[in-house]
Amino acid sequence: MSETMPRADLRERPRRLRTRDALRRLVREARLYPEMFVAPLFVRPGRGVREPISSLPGQMRLSPDELVREVDGLADLGIRAVLLFGVPEAKDPEGSGAYADDGIVQETVRLLRRGSRELVIMTDVCLCAYTDHGHCGIVTGGQVDNDATLGLLARTAASHAASGADVVAPSAMMDGQVAAIREALDASGFSQVGVMAYAAKYASAFYGPFREAAGSSPQFGDRRTYQMDPANVREALREIALDIEQGADIVMVKPAHAYLDVIRAAREAVDLPIAAYHVSGEYAMLKAAAQLGWVEERRAMLEVLTAIRRAGADILITYAAADAARWLAEGTGG
Ligand code: PBG
(Lines give C-alpha, C1' and ligand atoms only; values in the text may rest on other atoms or scores of the structure.)
Protein backbone atom coordinates (compact mmCIF):
# COMPACT_ATOMS: atom_id res chain seq x y z
CA MET A 1 0.00 0.00 0.00
CA SER A 2 1.34 3.42 -0.98
CA GLU A 3 2.07 5.86 1.82
CA THR A 4 -0.10 8.55 0.17
CA MET A 5 -3.23 6.38 0.26
CA PRO A 6 -5.86 7.39 2.83
CA ARG A 7 -5.88 5.07 5.77
CA ALA A 8 -9.37 3.74 6.05
CA ASP A 9 -8.74 2.57 9.58
CA LEU A 10 -7.94 6.10 10.79
CA ARG A 11 -11.41 7.09 12.01
CA GLU A 12 -10.37 9.45 14.78
CA ARG A 13 -9.05 12.62 13.20
CA PRO A 14 -8.79 15.42 15.78
CA ARG A 15 -7.59 17.71 12.99
CA ARG A 16 -11.15 17.84 11.58
CA LEU A 17 -12.06 20.34 14.30
CA ARG A 18 -9.10 22.56 13.51
CA THR A 19 -9.82 23.30 9.86
CA ARG A 20 -10.96 26.90 10.25
CA ASP A 21 -10.83 29.63 12.84
CA ALA A 22 -14.58 29.71 13.49
CA LEU A 23 -14.61 25.97 14.07
CA ARG A 24 -11.64 26.14 16.41
CA ARG A 25 -13.42 28.84 18.38
CA LEU A 26 -16.57 26.73 18.49
CA VAL A 27 -14.78 23.89 20.27
CA ARG A 28 -12.52 26.06 22.43
CA GLU A 29 -12.55 24.95 26.07
CA ALA A 30 -10.95 27.78 28.02
CA ARG A 31 -11.94 31.30 27.04
CA LEU A 32 -10.86 34.73 28.12
CA TYR A 33 -13.24 37.65 28.48
CA PRO A 34 -12.75 41.15 29.85
CA GLU A 35 -15.16 40.64 32.76
CA MET A 36 -12.77 38.14 34.32
CA PHE A 37 -9.85 40.57 34.38
CA VAL A 38 -8.80 42.70 37.31
CA ALA A 39 -6.42 45.54 36.46
CA PRO A 40 -3.82 46.31 39.14
CA LEU A 41 -3.23 50.09 39.40
CA PHE A 42 -0.66 52.11 41.32
CA VAL A 43 -1.74 55.41 42.80
CA ARG A 44 0.58 58.13 44.02
CA PRO A 45 -0.04 61.65 45.31
CA GLY A 46 -0.29 64.60 42.96
CA ARG A 47 -2.39 65.89 40.08
CA GLY A 48 -2.06 65.14 36.41
CA VAL A 49 0.75 62.67 37.05
CA ARG A 50 1.35 59.68 34.80
CA GLU A 51 4.75 58.37 35.76
CA PRO A 52 5.92 55.40 33.68
CA ILE A 53 7.28 52.42 35.60
CA SER A 54 10.46 51.33 33.85
CA SER A 55 10.31 47.75 35.11
CA LEU A 56 6.69 47.37 33.97
CA PRO A 57 6.41 48.59 30.37
CA GLY A 58 2.99 50.10 29.72
CA GLN A 59 2.19 50.60 33.44
CA MET A 60 2.25 53.87 35.33
CA ARG A 61 2.07 55.37 38.76
CA LEU A 62 -1.01 57.58 38.49
CA SER A 63 -2.25 60.47 40.57
CA PRO A 64 -5.85 59.99 41.74
CA ASP A 65 -7.36 62.17 38.99
CA GLU A 66 -5.45 60.29 36.30
CA LEU A 67 -6.40 56.99 37.87
CA VAL A 68 -10.07 57.91 37.49
CA ARG A 69 -9.48 58.54 33.78
CA GLU A 70 -7.65 55.24 33.49
CA VAL A 71 -10.55 53.40 35.13
CA ASP A 72 -13.03 54.95 32.72
CA GLY A 73 -10.84 53.83 29.82
CA LEU A 74 -10.77 50.29 31.21
CA ALA A 75 -14.56 50.32 31.49
CA ASP A 76 -14.76 51.13 27.78
CA LEU A 77 -12.84 47.89 27.22
CA GLY A 78 -15.25 45.92 29.41
CA ILE A 79 -12.95 45.73 32.45
CA ARG A 80 -14.96 46.52 35.57
CA ALA A 81 -12.63 45.57 38.38
CA VAL A 82 -9.44 47.18 39.64
CA LEU A 83 -7.00 46.35 42.43
CA LEU A 84 -5.45 49.45 43.97
CA PHE A 85 -1.93 49.78 45.37
CA GLY A 86 -0.81 52.94 47.12
CA VAL A 87 2.60 54.53 46.67
CA PRO A 88 2.66 56.99 49.57
CA GLU A 89 4.83 60.08 50.01
CA ALA A 90 6.13 59.14 53.46
CA LYS A 91 6.93 55.90 55.28
CA ASP A 92 7.38 55.08 58.96
CA PRO A 93 8.03 51.97 61.08
CA GLU A 94 4.30 51.35 61.68
CA GLY A 95 3.16 51.94 58.10
CA SER A 96 0.66 54.52 59.30
CA GLY A 97 -0.05 55.72 55.75
CA ALA A 98 -1.80 52.41 55.12
CA TYR A 99 -4.61 53.13 57.57
CA ALA A 100 -4.71 56.94 57.52
CA ASP A 101 -8.16 58.33 56.72
CA ASP A 102 -6.54 60.70 54.24
CA GLY A 103 -4.20 57.99 52.88
CA ILE A 104 -3.63 57.82 49.16
CA VAL A 105 -5.75 54.70 48.62
CA GLN A 106 -8.58 55.98 50.82
CA GLU A 107 -8.71 59.27 48.89
CA THR A 108 -8.65 57.53 45.56
CA VAL A 109 -11.43 55.13 46.50
CA ARG A 110 -13.62 58.04 47.61
CA LEU A 111 -12.91 59.83 44.34
CA LEU A 112 -13.82 56.76 42.29
CA ARG A 113 -17.01 56.33 44.28
CA ARG A 114 -18.06 59.91 43.60
CA GLY A 115 -19.17 58.94 40.11
CA SER A 116 -21.86 56.41 39.33
CA ARG A 117 -19.48 53.85 37.90
CA GLU A 118 -20.37 50.19 37.83
CA LEU A 119 -16.96 49.32 39.18
CA VAL A 120 -15.59 46.71 41.55
CA ILE A 121 -13.02 48.44 43.70
CA MET A 122 -10.55 46.06 45.27
CA THR A 123 -7.76 47.28 47.52
CA ASP A 124 -4.52 45.59 48.49
CA VAL A 125 -4.21 45.43 52.27
CA CYS A 126 -0.58 45.31 53.35
CA LEU A 127 1.96 47.49 55.10
CA CYS A 128 5.05 46.96 52.93
CA ALA A 129 4.66 50.06 50.77
CA TYR A 130 4.10 52.18 53.90
CA THR A 131 6.80 50.91 56.27
CA ASP A 132 10.32 52.37 56.15
CA HIS A 133 11.80 48.87 56.57
CA GLY A 134 9.69 47.53 53.68
CA HIS A 135 8.29 44.50 55.49
CA CYS A 136 4.62 43.58 55.35
CA GLY A 137 4.17 43.87 59.12
CA ILE A 138 5.46 45.43 62.29
CA VAL A 139 9.07 44.57 63.06
CA THR A 140 9.94 43.74 66.67
CA GLY A 141 13.52 42.74 67.51
CA GLY A 142 14.39 42.12 63.87
CA GLN A 143 11.39 39.81 63.34
CA VAL A 144 8.12 40.44 61.55
CA ASP A 145 5.66 40.28 64.44
CA ASN A 146 2.55 38.42 63.34
CA ASP A 147 0.11 39.28 66.10
CA ALA A 148 1.20 42.91 66.45
CA THR A 149 0.45 43.34 62.74
CA LEU A 150 -3.09 41.93 62.70
CA GLY A 151 -4.74 44.97 64.26
CA LEU A 152 -3.12 47.32 61.76
CA LEU A 153 -4.17 45.20 58.79
CA ALA A 154 -7.72 45.15 60.18
CA ARG A 155 -7.64 48.93 60.58
CA THR A 156 -6.37 49.32 57.02
CA ALA A 157 -9.13 47.11 55.65
CA ALA A 158 -11.83 48.92 57.63
CA SER A 159 -10.60 52.30 56.39
CA HIS A 160 -10.67 51.09 52.79
CA ALA A 161 -14.21 49.83 53.34
CA ALA A 162 -15.24 53.13 54.90
CA SER A 163 -13.95 54.89 51.78
CA GLY A 164 -16.10 52.68 49.56
CA ALA A 165 -14.07 49.62 48.62
CA ASP A 166 -16.09 46.55 47.62
CA VAL A 167 -13.43 43.95 48.30
CA VAL A 168 -10.32 44.13 50.45
CA ALA A 169 -7.38 41.91 49.57
CA PRO A 170 -4.97 41.13 52.40
CA SER A 171 -1.54 40.22 51.01
CA ALA A 172 0.70 40.38 54.09
CA MET A 173 0.66 36.61 54.72
CA MET A 174 0.22 37.03 58.47
CA ASP A 175 -1.50 34.08 60.13
CA GLY A 176 -5.04 35.00 61.13
CA GLN A 177 -5.22 38.11 58.95
CA VAL A 178 -8.47 37.15 57.27
CA ALA A 179 -10.25 36.53 60.59
CA ALA A 180 -8.95 39.81 62.02
CA ILE A 181 -10.14 41.71 58.96
CA ARG A 182 -13.52 39.97 58.76
CA GLU A 183 -14.13 40.78 62.40
CA ALA A 184 -13.15 44.43 61.99
CA LEU A 185 -15.31 44.84 58.90
CA ASP A 186 -18.35 43.34 60.59
CA ALA A 187 -17.80 45.38 63.75
CA SER A 188 -17.67 48.62 61.78
CA GLY A 189 -20.80 47.98 59.75
CA PHE A 190 -19.20 46.61 56.58
CA SER A 191 -20.58 43.10 56.58
CA GLN A 192 -21.19 43.49 52.81
CA VAL A 193 -17.56 44.15 52.01
CA GLY A 194 -15.81 41.02 50.75
CA VAL A 195 -12.38 39.59 51.41
CA MET A 196 -10.21 38.31 48.59
CA ALA A 197 -7.46 36.49 50.44
CA TYR A 198 -3.98 36.23 49.00
CA ALA A 199 -4.18 32.74 50.43
CA ALA A 200 -1.39 30.89 48.65
CA LYS A 201 1.17 33.61 48.18
CA TYR A 202 4.69 32.43 47.52
CA ALA A 203 8.04 34.04 48.33
CA SER A 204 8.67 34.65 44.65
CA ALA A 205 11.45 36.27 42.64
CA PHE A 206 8.74 37.45 40.26
CA TYR A 207 7.64 40.36 42.47
CA GLY A 208 10.79 42.34 41.59
CA PRO A 209 9.23 44.85 39.17
CA PHE A 210 6.29 45.44 41.53
CA ARG A 211 8.61 46.30 44.39
CA GLU A 212 10.34 48.84 42.19
CA ALA A 213 6.93 50.27 41.21
CA ALA A 214 5.68 50.45 44.80
CA GLY A 215 9.02 51.15 46.47
CA SER A 216 8.31 48.23 48.78
CA SER A 217 11.50 46.16 48.86
CA PRO A 218 12.47 44.89 52.30
CA GLN A 219 15.42 46.91 53.64
CA PHE A 220 16.81 43.86 55.45
CA GLY A 221 16.28 40.15 55.02
CA ASP A 222 13.52 38.84 52.77
CA ARG A 223 9.89 37.70 53.03
CA ARG A 224 10.54 33.98 53.44
CA THR A 225 9.43 33.86 57.07
CA TYR A 226 5.90 34.78 56.02
CA GLN A 227 5.44 34.07 52.30
CA MET A 228 5.33 30.45 51.17
CA ASP A 229 8.12 28.21 49.95
CA PRO A 230 7.74 27.84 46.14
CA ALA A 231 8.23 24.08 46.47
CA ASN A 232 5.01 23.48 48.38
CA VAL A 233 1.55 22.64 47.09
CA ARG A 234 -0.07 20.76 50.00
CA GLU A 235 0.73 23.74 52.17
CA ALA A 236 -1.10 25.97 49.68
CA LEU A 237 -4.25 23.93 50.21
CA ARG A 238 -3.81 24.30 53.96
CA GLU A 239 -3.44 28.09 53.65
CA ILE A 240 -6.52 28.21 51.43
CA ALA A 241 -8.57 26.09 53.84
CA LEU A 242 -7.56 28.31 56.76
CA ASP A 243 -8.53 31.48 54.89
CA ILE A 244 -11.90 30.02 53.98
CA GLU A 245 -12.49 29.05 57.61
CA GLN A 246 -11.64 32.61 58.58
CA GLY A 247 -14.20 34.04 56.18
CA ALA A 248 -12.53 34.59 52.80
CA ASP A 249 -14.98 35.12 49.92
CA ILE A 250 -12.41 34.66 47.15
CA VAL A 251 -9.07 32.87 47.45
CA MET A 252 -6.02 33.72 45.43
CA VAL A 253 -3.00 31.87 44.13
CA LYS A 254 0.01 34.07 43.45
CA PRO A 255 2.07 34.06 41.23
CA ALA A 256 0.06 32.36 38.49
CA HIS A 257 2.16 31.42 35.45
CA ALA A 258 4.71 29.41 37.41
CA TYR A 259 2.02 27.94 39.71
CA LEU A 260 -0.56 26.46 37.34
CA ASP A 261 -0.51 23.19 39.28
CA VAL A 262 -1.38 25.06 42.47
CA ILE A 263 -4.32 26.76 40.73
CA ARG A 264 -5.51 23.38 39.49
CA ALA A 265 -5.18 21.81 42.94
CA ALA A 266 -7.07 24.71 44.49
CA ARG A 267 -9.80 24.43 41.84
CA GLU A 268 -10.28 20.78 42.68
CA ALA A 269 -10.32 21.38 46.42
CA VAL A 270 -12.65 24.37 46.83
CA ASP A 271 -15.89 25.78 45.46
CA LEU A 272 -15.14 29.43 46.14
CA PRO A 273 -14.09 31.67 43.27
CA ILE A 274 -10.37 31.40 42.65
CA ALA A 275 -8.30 34.38 41.63
CA ALA A 276 -4.85 34.05 40.10
CA TYR A 277 -2.34 36.89 40.10
CA HIS A 278 -0.21 37.03 36.98
CA VAL A 279 2.48 39.02 38.75
CA SER A 280 4.80 41.81 37.72
CA GLY A 281 7.83 39.67 36.87
CA GLU A 282 5.76 37.23 34.85
CA TYR A 283 4.35 40.14 32.83
CA ALA A 284 7.69 41.94 32.54
CA MET A 285 9.43 38.81 31.28
CA LEU A 286 7.04 38.52 28.36
CA LYS A 287 7.25 42.22 27.62
CA ALA A 288 11.05 42.07 27.60
CA ALA A 289 11.17 39.03 25.32
CA ALA A 290 8.66 40.72 23.00
CA GLN A 291 10.75 43.92 22.90
CA LEU A 292 13.73 41.83 21.85
CA GLY A 293 11.64 40.22 19.15
CA TRP A 294 12.00 36.79 20.71
CA VAL A 295 8.30 36.10 21.21
CA GLU A 296 5.21 37.56 19.61
CA GLU A 297 3.66 39.68 22.34
CA ARG A 298 -0.04 39.15 21.64
CA ARG A 299 0.15 35.45 21.11
CA ALA A 300 2.47 34.83 24.03
CA MET A 301 0.48 36.96 26.47
CA LEU A 302 -2.88 35.48 25.48
CA GLU A 303 -1.43 31.98 25.59
CA VAL A 304 -0.23 32.48 29.16
CA LEU A 305 -3.51 34.07 30.29
CA THR A 306 -5.45 31.23 28.66
CA ALA A 307 -3.27 28.70 30.47
CA ILE A 308 -4.07 30.36 33.80
CA ARG A 309 -7.75 30.18 32.94
CA ARG A 310 -7.43 26.57 31.79
CA ALA A 311 -5.76 25.67 35.09
CA GLY A 312 -8.96 26.75 36.83
CA ALA A 313 -8.82 30.45 37.72
CA ASP A 314 -12.11 32.37 37.65
CA ILE A 315 -10.58 35.79 38.16
CA LEU A 316 -7.41 36.92 36.45
CA ILE A 317 -5.40 39.76 37.93
CA THR A 318 -3.00 40.96 35.26
CA TYR A 319 -1.11 44.04 34.08
CA ALA A 320 -2.03 42.91 30.58
CA ALA A 321 -5.77 43.34 31.23
CA ALA A 322 -6.27 46.32 28.92
CA ASP A 323 -4.12 44.91 26.11
CA ALA A 324 -5.78 41.53 26.34
CA ALA A 325 -9.26 43.05 26.28
CA ARG A 326 -8.31 45.06 23.19
CA TRP A 327 -6.88 42.02 21.42
CA LEU A 328 -9.92 39.93 22.25
CA ALA A 329 -12.24 42.65 20.93
CA GLU A 330 -10.19 42.86 17.72
CA GLY A 331 -10.62 39.13 17.32
CA THR A 332 -6.87 38.65 17.26
CA GLY A 333 -7.00 36.22 20.11
CA GLY A 334 -5.74 33.43 17.87
C1 PBG B 1 2.26 43.43 48.87
C2 PBG B 1 2.15 42.86 47.51
C3 PBG B 1 3.17 42.46 46.63
C4 PBG B 1 2.54 42.09 45.45
C5 PBG B 1 1.18 42.25 45.64
N6 PBG B 1 0.96 42.71 46.91
C7 PBG B 1 4.64 42.48 46.79
C8 PBG B 1 5.31 41.55 47.72
O9 PBG B 1 4.72 40.71 48.37
O10 PBG B 1 6.53 41.75 47.84
C11 PBG B 1 3.23 41.62 44.20
C12 PBG B 1 2.50 41.85 42.92
C13 PBG B 1 3.30 41.73 41.69
O14 PBG B 1 4.49 41.36 41.69
O15 PBG B 1 2.73 42.02 40.63
N16 PBG B 1 2.73 42.58 49.84
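Predicted model: local features only at pLDDT ≥ 70, side-chain atom pairs only at ≥ 80, totals over all residues.
Visitor: How many salt bridges does a search of the whole structure find?

Guide: Start with the idea. Side chains of opposite charge can pair when their charged atoms come close. Here a salt bridge is a side-chain nitrogen of Lys or Arg within 4 Å of a carboxyl oxygen of Asp or Glu. The search finds 19.

Visitor: Which residue forms a salt bridge with Arg50?

Guide: Glu66 does, with the closest N and O atoms 2.9 Å apart. Arg50 lies in strand 2 (residues 50-52) and Glu66 in helix 2 (residues 64-76), so the pair ties together parts that are 16 residues apart in sequence. Helices (H or I, at least four residues) and strands (E, at least two) are DSSP runs, numbered from the N terminus.

Visitor: Is Glu66 buried or exposed?

Guide: Buried means under 20% relative accessible area, exposed over 50%, and partly exposed in between (1.4 Å probe, protein chains only). Glu66 is buried, at 8%. Arg50 is partly exposed, at 34%.

Visitor: Where do Arg113 and Asp166 lie?

Guide: Their side chains meet in a salt bridge (2.4 Å, N to O). Arg113 lies in helix 3 (residues 104-114) and Asp166 in the loop between helix 4 (146-163) and strand 8 (167-170), so this pair ties together parts that are 53 residues apart in sequence. Arg113 counts as partly exposed at 28% relative accessibility, and Asp166 is partly exposed at 28%.

Visitor: Which residues do salt bridges that share partners join into one network?

Guide: Arg50, Glu66, Arg69 and Glu70. Elsewhere, Arg44 and Glu51 meet in a salt bridge (2.8 Å, N to O). Arg44 is partly exposed at 24%, and Glu51 at 28%.

Visitor: Which residues gather in a patch of positive charge on the surface?

Guide: Patches are made of residues with over 30% relative accessible area and no salt bridge; like charges are joined within 9 Å, nonpolar side chains (Val, Leu, Ile, Met, Phe, Trp, Tyr) within 5 Å. Lys and Arg count as positive, Asp and Glu as negative; His and the chain ends are not counted. The place of a charge is NZ of Lys, CZ of Arg, CG of Asp or CD of Glu. The positive patch holds Arg11, Arg13, Arg15, Arg16 and Arg18. Arg16 lies in the segment before helix 1 (21-26) and is partly exposed, at 47%.

Visitor: Which residues form a nonpolar patch on the surface?

Guide: Leu17, Leu26 and Val27 do, with about 280 Å² of accessible area together. Such areas come from the Shrake-Rupley method with a 1.4 Å probe; for residues, only the protein chains shown count as cover. Leu26 is found in helix 1 and counts as exposed, at 64%.

Visitor: How many of the twelve residues of helix 9 are buried?

Guide: Nine, and the helix is mostly covered. Among them are Tyr283, Leu286 and Lys287.

Visitor: Where is the cis peptide bond?

Guide: From Lys254 to Pro255, with omega near -5°. Pro255 sits in the loop between strand 10 (250-254) and helix 8 (260-269).

Definitions and conventions
Residues numbered from 1 in each chain as written. Heavy atoms only, no water.
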